[in-house]
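Here's a quick briefing to read alongside the model. Have a look at the chains first, then work through the notes below.

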Amino acid sequence: MLKKLNDLQFVIGLFFSVVSVILLLNVLLGNHGDSNLNIYTGTCFLVFGLAMMLIRGKGNGQ
Amino acid sequence: MSLHFADYLIILVYFIFVIGVGFLIKKKIKSSNDFLTSSRSIPLWITSLAFISANLGAQEVIGMVASGAKYGIMTVHFYWVGAIFAMVFLGVFMMPFYYGSRARSVPEYLSLRFDEKTRGLNAISFAVMTVFSSGISLYALAKLMETILHWDFDISIWVSAGIVMVYTFLGGLTSAVYNEVLQFFLIVLGLSPLVIIALQDAGGWDNIKALLQPEMTHAWKYMGNANDNPMGLHFMSLIFGLGFVMSFGYWCTDFLVVQRAMIAKNMGDAQRTPIIAAIPKMMMPLIVVLPGIIAITLMQPALLSKGYHIPTAANGELDYTMTLPSLIAHYYPTGILGVGITALIASFMSGMAGNVTAFNSVFTFDIYQSYFVKNKSDRHYLLVGKGVTVVGILISIVTAYIAKSFNNINDFLQLVFGFVNGPLFATFLLGMFWKRATGHGAFWGLVAGTAAAAITHGVTVAEGKGGWIAPLYTIKSGMGQAFIVAAISWIFNFFTTIFVSLVTKPKPDEQLKGLVYSLTEKPKYHQQKWYLRVVPLGLLLLAITILLNFIFF
């Protein structure tokens with residue numbers, strides 16, 4: 001995990017994944033349940049974040 | 001506008017990540033070169049995004065949205081005329097000298113090519129400019145947060161400056177560059193939903209064209225006469241003033257952006273950095289110009305039912321700088337509102353960190369090591385670099401407070417920066433492509449260019465500014481005045497450098513190898529595939545840029 005944190009793509013992916021979880025939880029917990037924008041943006045951020053974490057450059061090391 | 005728990009949580013997560021990046025980079029910092037130049041080890045995709053992100057500060061994001069609302073689609077000229085051509089030129093022609101000379105900074109290149117006095121003039125003016133720019137960025141952040149969120153001015157200043165200080169102090173340039181990439185994605189992805197829903201609300205581009213005056217949706221059509229377009233510019237002054245002098249002066253010589261290309265792993269990547277960066281730069285008007293055009297459209301009578309309006313200033317006129325914050329407040333609910341505010345904070349911090357890291361490199365290498373303490377251990381310069389980072393941020397904080405007390409200092413500093421930057425490209429152009437150019441020529445050319453800029457501003461008046469010597473000539477817009485000042489300063493620098501060079505002794509050819517075009521071995525690209533070669537890539541980008549100009553003519 002620590003080694004992965006040295007990878008900038010992983011860090012960026014992790015950041016957007018965490019933000020997407022906050023956005024989606026905010027909707028699920030009902031505080032602002034009518035917000036489609038949070039759902040769409042949260043889903044897009046999650047896809048982007050996971051893609052950045054999983055599709056890393058081979059031997060990139062950055 | 002008021003934030004809720006989810007919004008604050010997103011801002012907090014962002015702060016944790018940027019500081020975390022600093023801690024992760026810290027253990028890789030072993031030498032002054034690691035700290036101040038990243039030891040030329042950064043991959044191409046990071047240098048390219050950092051190259052564009054270093055220019056994606058708050059003045060860019062908020063300023064261009066404001067300009068989009070005020071001037072319409074003509075604002076794209078700052079991208080499609082005032083950036084892409086210069087970025088391609090930098091990649092193809094100038095990077096081989098910056099990177100190949102092994103100079104650690106732009107002023108150091110001037111030292112190798114010309115002499116110490118030219119380096120000193122450039123280094124000192126650049127160091128002063130960057131540290132004050134950083135302070136103005138900090139002031140603007142605190143002022144904006146005070147206005148829209150009612151946050152305490154002092155807390156905003158100290159918290160944001162403290163965070164930038166932590167991650168730049170720990171990880172130096174690499175940390176700043178890594179965070180710039182994170183900030184790039186945050187700004188683009190954080191503002192994209194705003195553009196989509198606001199565009200939908202405005203009825204799409206066709207409806208915008210139908211509702212606005214035609215000069216707001218045509219980039220070139222009304223530039224034949226300066227009185228026919230909202231910027232008050234003739235197309236020739238735009239092409240020469242912005243497209244040549246200011247654009248090339250900034251993108252090809254400003255160490256803040258050039259530094260991002262100079263830390264690439266090899267010459268090929270260094271050359272490709274500005275060219276790859278030109279791709280997102282070309283698309284950036286979608287994020288920073290279109291929202292402004294949408295905002296002014298939403299205020300047309302047919303769309304008043306949407307309930308959006310740009311706030312007004314104390315004088316009753318529209319406060320265009322509030323266009324982006326007001327759009328965010330209007331469209332973003334809790335949650336994504338936190339993302340939007342974080343994107344704004346990121347743009348301020350990106351601009352500040354970029355200035356601070358460029359400042360500490362130039363101060364340490366080009367001022368401290370060159371003029372004060374030579375031949376010390378590498379650890380000494382590493383400690384100095386770290387100390388300068390702290391001092392730079394403290395000066396930024398002082399500048400922010402001065403700006404708070406004296407509003408006019410912002411305008412004054414921008415003006416002085418313009419005087420210094422305007423003529424700079426002439427020095428580099430002659431230095432790189434005319435081996436006869438001498439150190440005396442370059443120095444006096446810079447002095448003459450800066451003086452010409454000040455005098456031109458002193459005898460012209462636009463929107464109540466300038467004319468402090470004698471108001472001899474009136475120009476319709478401040479932007480037009482800036483272009484004319486830059487163009488005249490460039491011309492004075494160019495011809496003064498040539499004249500003084502012709503009457504002074506040039507350096508021998510042996511000392512100019514790798515520094516001047518005619519004496520440097522040209523990079524060989526033919527082994528690479530076409531999409532890795534800078535010339536075909538650059539030509540392709542220029543063709544797309546010209547096409548975009550025709551589409552929105």
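Why does B:Ala403 count as buried? Because B:Ala403 has 21 C-beta neighbours inside 10 Å, and a residue is called buried if 20 or more other C-beta atoms lie within 10 Å of its own, exposed if 12 or fewer and partly exposed in between, with C-beta atoms placed from the backbone.

Bear in mind that this is a predicted model, where local features need pLDDT of at least 70 and side-chain atom pairs count only at pLDDT 80 or more, while totals for chains, interfaces and linings use all residues. Residues are numbered from 1 along each chain as its sequence is written, and chains are lettered from A and ligands numbered from 1 in the order in which they are written.

- B:Ala403 sits in helix 18 (residues 378-405) of chain B; helices here are DSSP runs (H or I, at least four residues), as are strands (E, at least two), numbered from the N terminus.
- B:Ala58 and B:Ser347 are 289 residues apart along the chain, yet their C-alpha atoms are separated by 4.8 Å.
- Beyond its neighbours within four places in sequence, B:Ala58 is in contact with B:Ser137, B:Ala140, B:Leu141, B:Ser347, B:Phe348 and B:Gly351 (contact: C-beta atoms, placed from the backbone, within 7 Å).

**Where the chains meet**

- On the chain B side, 22 residues are in contact with 21 residues of chain A.
- Helix 1 (5-26), helix 9 (153-201) and helix 17 (336-372) of chain B each supply at least two residues of that side.
- By class, the chain B side has 20 nonpolar, two polar and no charged residues (Ala, Val, Leu, Ile, Met, Phe, Trp, Tyr, Cys and Pro count as nonpolar, Asp, Glu, Lys and Arg as charged, and the others, Gly among them, as polar).
- Helix 2 (residues 8-28) of chain A packs against helix 1 of chain B at about 170 degrees, axes 10 Å apart (axes are lines fitted to C-alpha atoms, for helices over the stretch in contact, and angles run from 0 to 180 degrees between N-to-C directions).
- These two, helix 2 of chain A and helix 1 of chain B, are therefore roughly antiparallel (over 145 degrees; under 35 is roughly parallel, 65 to 115 roughly perpendicular and the rest oblique).
- Residues making that contact include A:Phe15 and A:Ile22 from helix 2 of chain A, and B:Leu9 and B:Phe17 from helix 1 of chain B.
- That helix pair's contact has eleven nonpolar, one polar and no charged residues.

**Inside chain B**

- Helix 6 (residues 84-100) and helix 13 (residues 267-283) of chain B pack at about 165 degrees, with axes 8 Å apart, and are therefore roughly antiparallel.
- Their contact has 15 nonpolar, four polar and two charged residues.
- Helix 15 (residues 290-298) of chain B is mostly covered, with nine of its nine residues buried.
- The cover over the buried residues of helix 15 of chain B includes helix 4 (58-71), helix 9, helix 10 (204-211), helix 14 (285-288) and helix 16 (323-331) of chain B.

How values were computed: Two residues are in contact if their C-beta atoms, placed from the backbone, lie within 7 Å.
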